[in-house]
Amino acid sequence: MTGEWPLKRLLTEAVGSGPRSADDMSYDQAREAFERILAGDPAPETLGAFWMANRWKRNTPTELAGFVDAMRERSVDVARPDADPVDCGANYDGKSDTALLGVASGLVAAAAGTPVVVHSADRVPASEGVAYRHVLDELGVETDLAPAASAAMVDEVGFGFYPQSRANPGVDALLPARRNLGVRSFVNTVETLANPADADAHLGSFFHLSFAKKLVGALRESDQSVDRVVAFQGLEGYDDVRPGTTRFADWDGEFRDDEIETATLGLDGDTAALEVTDVRADSARITEAVLSGERDGAFADAVAVNAAFRMYARSDVETLTDGVELARKVLADGDAADRLAALRAFDPGERVPERAD
C-alpha cells in the first residue's frame, strides 16, 4: 500500500508517546491508518500497539471520521433499501445481564411505519455478549444474509438485519486480533457507524454525554450523509434505553441534550426489572410474549419506549410521548406480532446485489 503514514511511523511520531504527550492524527492520517489495517498491512505487534496507543490517548471526532470513511470505502458493502430506515448502531459486544429489546422495539416501530435496520457480529470482544444476531437466530430468523437480501428484508418486513460477516467483512476479519488484544479499541466504536443501509438517521447509545458529542462529531465530519442522530444512555451500552433518570442527545445540524424521567413515558422501575438469566433465550421469549400481547409490565413498557425513540429518530412522531402512544396501539392491534411473523417467513432467495455509488 502506498502512502506516507504506516502505523509504525504514526506510533513513533504521533500517537505512541503516551496519553499526555501523544499528538492527534489528522483526518488523512487516520483514514490511511485504518485502510492499512483493513488491508492487513501492519505486523500484529504494531497493530496491537497502535490500538492501545489510541485507547490511551482517546480519539478525536476527526480521527473517528477518518476511520469510518476508510471502513465505508474499503469494507462496507452498502445495500440501500427503497425505504429510508433508522440505522440502529448498538455496541457490537452485546449484553450480559439485561434483556435485549431492540428486536421487539424495532418490529413495533416497523408496524407503526418506521423502518428499522440493525447490524451486529458474533461474540465481539471485549465482553463477547449477546447481540442482535443471537436473538434473531433464537427466534428462527434467517441471519446469514447477503447485503441485497438484508435490504429486501427492510422493504418487505420493515425491519432488516445486516450481518457484519457479509456487510462489513474487512472489519469482521479483525475479530481474532481484537480477541488477542483483550480490551476495547476504537474499532468497537467505528463498527457501530458502518451504516450498511446508507440510512439518513442514526440511533445510538452512550454511557456519558461527552461520547454522544464525539459520536455526532464523527458523523458530521465523515463522508456519510447522516442528517439526524438520536442517542441515549443505554443499558450495558446497548440501544435499549436505561430506565430512570436518563440523558439523551438529539442532533439535526444543531446539538441538543436533555434529561428525561422514563416514568413519564410509562417505564417505571430500574435496571433490575429488565435483568434476565439467559440473555439470548430470555430475550427471544420476551420478544414473542410482548408482541403477542401475552406479557405486560416492565418489559412491554420498555419495548414501547424504545420503539418511540426509533420513531422519533426518523421524525415520524413529534414527541416521545406520541411515539409511546403509537407503540402501544400497534401492540394492542396485533400489528407488531404480524411483523414478527413476516420476519420469520422472510425468504432471502436470490437477490441481485446493488452497491451504492
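**View 1. Surroundings of V108 in the predicted model.** Leaving aside neighbours within four places in sequence, V108 is in contact (heavy atoms within 4.5 Å) with L291, V303, A307, A327, V330, L331 and A336. The model is predicted, so that local features need pLDDT of at least 70 and side-chain atom pairs count only at pLDDT 80 or more, while totals for chains, interfaces and linings use all residues. Residues are numbered from 1 along each chain as its sequence is written, and side-chain values use heavy atoms, with hydrogens and water left out.

**View 2. The nonpolar cores.** A nonpolar core is a set of buried Ala, Val, Leu, Ile, Met, Phe, Trp, Tyr and Cys residues joined through side-chain atoms within 4.5 Å, where buried means under 20% relative accessible area with a 1.4 Å probe, protein chains only. The largest such core has 66 residues, and V103, V108, Y132, F159 and F309 have the most contacts inside it. A second, separate core of 37 residues includes M25, L47, F67 and V76.

**View 3. L267 in its loop.** L267, in the loop between β7 (255-261) and α13, is buried, with a relative accessible area of 2%. Not counting residues up to four places away in sequence, L267 touches V241, P243, T262, A298, D301, A302 and V305. L267 and G297 are 30 residues apart in sequence, and 8.8 Å separates them in space, C-alpha to C-alpha.

How values were computed. Helices (H or I, at least four residues) and strands (E, at least two) are DSSP runs, numbered from the N terminus. Buried means under 20% relative accessible area, exposed over 50%, partly exposed in between (1.4 Å probe, protein chains only).
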